[in-house]
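Please read this short report with the model open beside you.

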Amino acid sequence: MNVTELVKISIILLLVATGVALLSRRLRVPYVTGLVLAGLPITELLSHRIGLDPSLVLNLFLPILIFEAGINTDVSRLRSTFKPIALLALPGAVVSSAIIAVVLKLGLGLTWIPALLVGVILANTDTVSMIAVFKEIPVPSRLSTIVEGETLFNDAAALVSFNLILQVYSTGSLTLVGGIQQLLFISLGGCVVGLVLGYLSIPVFARLDDPLSSLLLTVAVALGTFQVGQFLGVSGAVAVVVAGLIFGNLGLSRNTSASSRITLLSFWEYASFTVNTFIFLLIGLEINLVTFWKTLPAVLLAVLAYQAGRILTVYPLLATVRWFDRPIPLRWQHLLFLGNIKGSLSMALALSLPIGLPSRDVLIALVFGSVLVSLVGQGLSLPWLVKRLKLSKFSATQQQVEELQAQLMTGKAAQDELDSLLKSGVLPKSVYEEMRSAYQVRVAGAEKALRDLYNRRVNSLDTKNSDLSKLDAIRRRLLLAEKGVLNEALRKRILSEEIVRGRIQSLDEQMLQLDDD
């Protein structure tokens, strides 16, 4: 395919995506589901067939998606929900993969290696559709963080497991001890690569005054970290996750101007949106409806298998959370089970199956069909499900609180920028004082209104009202800050372990009494 043909096809796909965006908003259909449905008939209109190149997805698209998720993930929020996330993304993914593999082996007569590979592929969750729904229908932030965090680490875990099974296929055997060693090497090695490259990029970023040069650095870090990890034989996906978390939580908060932060975050939001747009359109282009119809019974069995794997991991594992963390509400568990949507990584891994693998074409058709059923069936029902479970509790009082918080945050941010301009000599003292006083009026008004609102709500009889969740979220962040100081004091031998453990236990008990935000 020449360059001219590629440009023409790209223009067609962009126009289709624009039309899908307009229709999906009007029909209230998830955008990614609309893209897949729109991609199904396009293949017949194109002179050359285009498809989903697995190397393009794994080496370009995947690092962009993971890095964008990493830099937008607040580590404090992630830390507060890490236990349920770790349960779902690690043992949950392993158990779910095993269940799917057993069902497909018994139901379709597959051998163990193909069954395990498909099990890993279909155990992977793609929550782009869920996050898109969350943007339209507000849900508790802890639930949203669990969904985002599971996807962030689930992608990395799926790639590690997939490569480990392929190694067994190529070598013919792998002992249990050898498998554990290899798994630890791949995972921990990826963490080390991400830590090193993430921290090394921060001083370079701090010396770049130009937002566009800073933007180029972040692209190099995202794509380069993945390639370095792959070159060293460790998980590139894990490395990108860690580098993204470090850069987003340390690099962007250290002496970074407001304009640079806006430029970077806006670019990565656009890059992620563009990548997802092309991926889901290409999923529709890649699926052959004739082949899908022929393999429909096997596809339905695969769908039942991954749903069985999900239900047998979500409910039992999250039921244990109450023993060591705040319990996960049952309605949240229903959404985590029924929102188990498949997506781009599953397609890419299917296309990456070795050429000599038995029944490779059947396996690819099986995965493609499962992704189509998942995106259309579960994707279309997801908005209805969120409303049906009554997860959205965005009351008038909560809206008032957030508007006052926005007023307070923007006013203080502007004051910080004014202080910086005064210090650098851009503004004279008289102009600075006049502009700062105007913002101070806004800040004082917001602070007074918020104080009165919080006091009124705390003194009310209905102390379990959902409107208290915002205040509880603030209290939780303060308690986490206290825990961080205590752990640091213990590490530096400032306080004894007995004192620290007692205080931390008290803080944990206080956090367990707070409502979910």
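## A residue in a loop

S359 counts as partly exposed, because its relative accessibility is 43%. That class sits between buried, under 20% relative accessible area, and exposed, over 50%, with a 1.4 Å probe and protein chains only. The place of S359 is the loop between helix 17 (344–351) and helix 18 (360–388). Helices here are DSSP runs of H or I with at least four residues, numbered from the N terminus. S359 is not a glycine, yet its phi is positive, at about 60°.

This is a predicted model, so local features need pLDDT of at least 70 and side-chain atom pairs pLDDT 80 or more, while totals for chains, interfaces and linings use all residues. Residues are numbered from 1 along each chain as its sequence is written, and side-chain values use heavy atoms, without hydrogens and water.

## Salt bridges

How many salt bridges does a search of the whole structure find? It finds three. The term means a side-chain nitrogen of Lys or Arg within 4 Å of a carboxyl oxygen of Asp or Glu.

| E150 | R310 | 2.7 Å |

Take E150 and R310, whose side chains meet at 2.7 Å. This pair links distant parts of the chain: E150 is in helix 9 and R310 in helix 15, 160 residues apart. Are E150 and R310 buried or exposed? Both are buried.

E447 lies in helix 20 (residues 429–458) and K412 in helix 19 (residues 396–424), 35 residues apart in the chain. E447 is partly exposed because its relative accessible area is 32%. K412 is partly exposed too, at 36%.

D419 has 27% relative accessibility, so it counts as partly exposed. R436 has a relative accessible area of 25% and is partly exposed.

## A space inside

The count comes to one cavity of 30 Å³ or more. A cavity is a set of points on a 1 Å grid over the protein atoms alone, where a 1.4 Å probe fits but cannot get out; lining residues have an atom within 4 Å of a point. The largest cavity has a volume of about 80 Å³. That volume is the space filled by probe spheres set on the points, which are joined across faces, edges and corners.

Its lining has 15 residues, and G92, A93, S96, A123 and R310 lie nearest the centre. Helix 6 (91–108), helix 7 (112–123), helix 9 (141–171) and helix 15 (296–319) each give two or more residues to this lining. Which helix gives the largest share? Helix 6 does, with four residues. By type, the lining divides into six nonpolar, six polar and three charged residues.

## A patch outside

On the surface, V3, V7, I11 and L15 form a nonpolar patch. Together they have about 400 Å² of accessible area. Such a patch joins nonpolar side chains within 5 Å, from residues with over 30% relative accessible area and no salt bridge. V3 is in helix 1 (residues 3–27). V3 counts as exposed because its relative accessibility is 63%.

How values were computed:
1 Å grid on protein atoms, 1.4 Å probe; cavity = no way out; pocket = protein on both sides within 12 Å on 5 of 7 lines; lining within 4 Å. Nonpolar A, V, L, I, M, F, W, Y, C, P; charged D, E, K, R; others polar. Patch = residues over 30% accessible without salt bridge, like charges linked within 9 Å, V, L, I, M, F, W, Y side chains within 5 Å. Areas by Shrake-Rupley, 256 points an atom, 1.4 Å probe, with all protein chains shown as cover.
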